[in-house]
Amino acid sequence: MDTPILSEGTATADADLIKNTTTKDFMRDVVEASREVPVLVDFWAPWCGPCRQLTPILEKAVRAAKGAVKLVKLNIDDHPQIPGQMGVQSIPAVFAFQDGRPVDGFMGALPESRVKSFIARLIGEETADVAADMEDAEVALAAGDVNSAAQSFGEALQKDAENARAAAGLAKCYIKTGDLTRAEQTLALVPPAKADSAPVASARASLELARKAADTGDVESLRAKLAANPKDTQSRFDLALALNAKGDRQGALDELLTIIRKDRAFNDDAARKQMLQLFDAWGAADPATISGRQRLSSLLFA
């Protein structure tokens, strides 16, 4: 890809907004920098055609944001450790960091309009009343007040029928109540252009987890099986799913990490893959996701 000829002033401005990073500099360029303004991390590789399509779109959108967001690019061929720790399995992959932690993201080469919408949401350019509805809904859902959350998500959808974040939230409300059919129907209403957004991906992962948990059995019976046979890896795997369904995220992580430590090859690396699905369902900013990624990285790269 040809590099455009830039004036000295433009090149200096670009250096402040757009840069390449390394494993060594990732903490400074991304984590610390995101405490000042949001930072997008573009995981790419020279051989990746969709990456070559997406990167110029990202650069253009970041320049248009006029300093409200920065872009940092990481070549995963030269620096595989960070994407490995974050569970990046395909590229292009974009993670948004804010206040020192990942808060959102997407995969694939999105069109310019969707990249602009992603950045607008990230930097807070969202209608005030819709933003208030979303905040109320997410607080209520986190607190277990499913009825209030569903009402607020519904109000947001009335104001913006294409609000994927609200649709995903409403679907999670249905999942919480065990109505998996209505959850699937709600996700089916998301416009195709937003079907791969981070909130929708999280809701889809939550729906898949709920379906799996329905077939695992209850927590106590699975604990009893493990007590009788601590080497029963399948029961330990099922226990992790059952614990997550009960809201015990750390317990689920403990069981999956135990499998990875003792029997990494179980069912074609199923425990690690299941952890990545949990992270998708919980969201990048969830404390359990953050601690889980750190614990997984420590185990895999020790």
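Lys273 first. It counts as partly exposed, at 37% relative accessibility. Keep in mind that this is a predicted model. Lys273 forms a salt bridge with Asp268. The closest N and O atoms are 3.2 Å apart. How exposed is Asp268? Its relative accessible area is 57%, so Asp268 is exposed, the cut-off being over 50%.

Staying with salt bridges, some share partners. Lys19, Lys24, Asp25, Arg28 and Asp29 are joined that way into one network.

How many salt bridges does a search of the whole structure find? The count is 17.

Now Glu59 and Lys73. These two form a salt bridge, with 2.7 Å between the closest N and O atoms. The pair links distant parts of the chain. Glu59 sits in helix H3, residues 49–64. Lys73 sits in strand E3, residues 70–75.

Next, Glu184 and Arg211. Their side chains meet in a salt bridge, 2.8 Å from N to O. Again, distant parts of the chain are linked. Glu184 belongs to helix H9, residues 180–188. Arg211 belongs to helix H10, residues 198–213. Here the separation is 27 residues.

What about accessibility? Glu184 has a relative accessible area of 42%, so Glu184 is partly exposed. Arg211 has 32%, so Arg211 is partly exposed as well.

To recap the pairs. Glu184 is partly exposed, and so is Arg211. Lys273 is partly exposed, while its partner Asp268 is exposed.

Conventions: Residues are numbered from 1 along each chain as its sequence is written. This is a predicted model: local features need pLDDT of at least 70, side-chain atom pairs count only at pLDDT 80 or more; totals for chains, interfaces and linings use all residues. Side-chain values use heavy atoms; hydrogens and water are left out. A salt bridge is a side-chain nitrogen of Lys or Arg within 4 Å of a carboxyl oxygen of Asp or Glu. Helices (H or I, at least four residues) and strands (E, at least two) are DSSP runs, numbered from the N terminus. Buried means under 20% relative accessible area, exposed over 50%, partly exposed in between (1.4 Å probe, protein chains only).
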